[in-house]
Amino acid sequence: MLLNREVSGKRWHLRPDGIGKVTGQLQYLTDMTHPEMVYGRVLRSVYPYARILSIDTTEAEAMEGVLAVLTSKDVPGLNRFGIATPDQPVFCEDVVRYVGDAIAAVAAISPERAALALDAIRVEYEELAPLDSTDEALAPGAPELHEHGPGNVLHRTEIKRGNIEEAFAACEHVVSETYYTPRQMHAYMETEGGLFVPDDAGRLHVYAATQHGYKDRMQLARIIGCPEEDIRVVSSPIGGSFGGKDELNVQPYGALLALRCLRPVKMHNSRKESVRAGLKRHPMKIEMQTGMSREGIIQAHRVRITADTGAYATLGAPVLNFATEHCLGPYSIPHVDVEGVSVYTNNGLSGEFRGFGGNQAIFAMEGQMDRLAEIMKMNPWEFRRRNMRGKTDPGPLNQRILVTDGLSQVWEAMERSDLWQKHQQSSSNASLPPWIKRGVGAALAMHGAGLGYGIPDPAGGRISLNKDGKIEVAFSYEEFGQGLIATLEIMLCDLFQCNTSDLSIIIGDTDRVPHSGSSTASRSTTMAWMALQRLHTPFRSKLLSVAAAHVGLAEDELVTGPGGIWRKGQLQSTGMLISYEDLVQQGEEEEWIFDTQFAYPTTPDEVVGGHYLYTYAAVAAEVEVNTLTGEAKLLDTHHVVAAGPVINPMGFIGQIEGGSVMALGFTLTEDALMQDSRYVTTNLDTYLIPTIRDIHTDLKVEAIEDLPEGDPFGPRGIGEIGSVALAPAITAAIQHATGVWLNRLPVPREQLMKPVDVPLQEGVQPS
């Protein structure tokens, strides 16, 4: 992986969890065991839609080695969960709505005995015809899957401004297209699971992967019917999430079983159960009509978004909000008519996924930009510049956003790039076999960070000098592979000029950390940086004042450094005056603790869902297409990212690399197919995620670190920006290579297959 010179000159930091991960010594939460533990399993519906006529657990309860069998009547509190809309039953009472719906749960002395107990539960159903598409679900007279309707609509959105009909009537050219995106799996290494341990004091300790331990605690307390403080959630480290573990999954079942048995319960989904019951990316149909003037200036943009949220809400409403905001792209459009609808069906659950609706919307919008440029016979990159929003223009929802030069900077950097220049050069296909075609495409994106206006988005942190003389920081964020701990170490070492051995970092444990908000929406790095900026000055002042009194020097003569407090200017010598370990003995424990609480920055305007901070990216891709087989192969990419200062170069590259690989699957191979609301792809043997063969090794990442003077928000998160713009860059490259316009992902190979007349060499006979 390559990074531009300015960034690669920074310190490259060894990941503190790296050795443990590559050697297998690090324990994920699903690796945990307990000597007294039993095994939990969930009985799930075999039908996508059916009435439950009866549930008989008698035989299962009587089996030797079975400690508990639970159904809906055994839920002491709220028999529902969901972060935003708690509409998913812990256990279904009278109807099942998808093939993963939970009917009962068992705890037994072995996994095998638990499986036998599930088989012994007798459920009588009345099968109903499933609503297996959004069209069926929205059709007049369709059965309503939820009482809170109306119809089967979870949520609607809209953006309206200007006069759309008059604007279209005045346009010189109009492009209409419908785009379709797939139901993508998160495909994390560690499937859903954990260990649930009740203690003698009546508290429950939950060791289970999540992106928001405090939200899990809140939801579990509602289900169990207990105070939140009676539950401890430990949520790190995680073997991948990408949004898929943001909602509860096995936690309600493990918690209820543990409290019924009064023994530790281990839950761990098989891959097939994870596929069946877990979240996927929302499949969307996005209809776009875009009109421009004779000069190539976009005047009118009409969009209709239909998202399949599946049987339950999860975060389907915020995902639709985000897609609605981002379907306008980073462009200035005076006349806009956007409507979105998120629809309940009997298909598998759709929910949170890296990019959060931005991937689908940006694929469609950038596809429109390339089609419009083609009509104008204009360089597609120049066409984007002609229509880009200005530096001080409002955001897509007409909301105020933070002013930066990021958009123009990534455009200009890509304009100069060697890879994009290939698009302008004469085709290199002449030296290739006639069935092999190569092309280059590019895409532009702006991507909101944080949860958006109107959604509670708390942040905060704590710093202290602990009893062992370590500078200790505590956040409720989780480490799920993004390199957060390494980033925190770098921030702290830079602030205090200390060594990593002087630090103690605590994350992901509700008993030990303050509420810092969710590890989602590309917010963790920014929030941690802002918290440390607030905490650094008072904490450092405390260290120096206590040290000054002890060593008899003025505070302004002292600095923090490796191991303790040093005399200013002597950090390279032996001038340490007092160690942190000795310093902690000079004061009371509570005197060393400093907390901060604040909120993620949102737009000053009351625009619900609107973002204030954005990151910007430009992506170019070179693709090779085999027109005999329809295979498209990614040969080269160049990412330009404007996200403020790069704290952790290795983590920065890792995030862009990982996001782009996930986007590669989204574009070319991945689709969790359903037929009659049942998964056709039930395991990873038929679901094609990119392998090392598909990934090119010379990914170039160019980081633009500039921020306006006095910017108070520091580095922006980049967990999602690397995943949102590669799909339209690849489809543009395919069109450049083959002339085929694509509107559906993953790319249908049959659309790229063309008969090729290959002249025979002299003396060669056709077979």
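Predicted model: local features only at pLDDT ≥ 70, side-chain atom pairs only at ≥ 80, totals over all residues.
A cavity is a set of grid points inside the protein where a 1.4 Å probe fits but cannot get out. The largest cavity holds about 190 Å³ of space, and the structure has six cavities of 30 Å³ or more.

**The largest cavity**
- There are 17 residues lining the largest cavity, and Gln88, Leu248, Asn249, Ala277 and Leu349 sit closest to its centre.
- Sort that lining by class and you get seven nonpolar, seven polar and three charged residues.

**The second largest pocket**
- This pocket has a volume of about 620 Å³.
- Its lining takes 28 residues, with Tyr180, Thr181, Arg183, Pro283 and Arg744 nearest the centre.
- The lining splits into eleven nonpolar, seven polar and ten charged residues.

**Helices α18 and α19**
- Helix α18 covers residues 649-668 and helix α19 covers residues 726-738; their axes come within 9 Å and cross at roughly 50°.
- That angle is why α18 counts as oblique to α19.
- The crossing of the two helices is right-handed.
- On the α18 side, Ser660, Ala663, Leu664, Phe666, Thr667 and Leu668 make the contact, meeting Leu726, Ala727, Ile730 and Thr731 of α19.
- By class, this contact has seven nonpolar and three polar residues, and no charged ones.

Definitions and conventions
Residues numbered from 1 in each chain as written. Heavy atoms only, no water. 1 Å grid on protein atoms, 1.4 Å probe; cavity = no way out; pocket = protein on both sides within 12 Å on 5 of 7 lines; lining within 4 Å. Points joined across faces, edges and corners; volume = space filled by probe spheres on them. Nonpolar A, V, L, I, M, F, W, Y, C, P; charged D, E, K, R; others polar. Axes fitted to C-alpha atoms, helices over the stretch in contact; angles between N-to-C directions. Helix = DSSP H or I, 4+ residues; strand = E, 2+ residues; numbered from the N terminus. Parallel < 35°, antiparallel > 145°, perpendicular 65-115°, else oblique. Left-handed = near helix turned anticlockwise from the far one by under 90°. Contact = heavy atoms within 4.5 Å.
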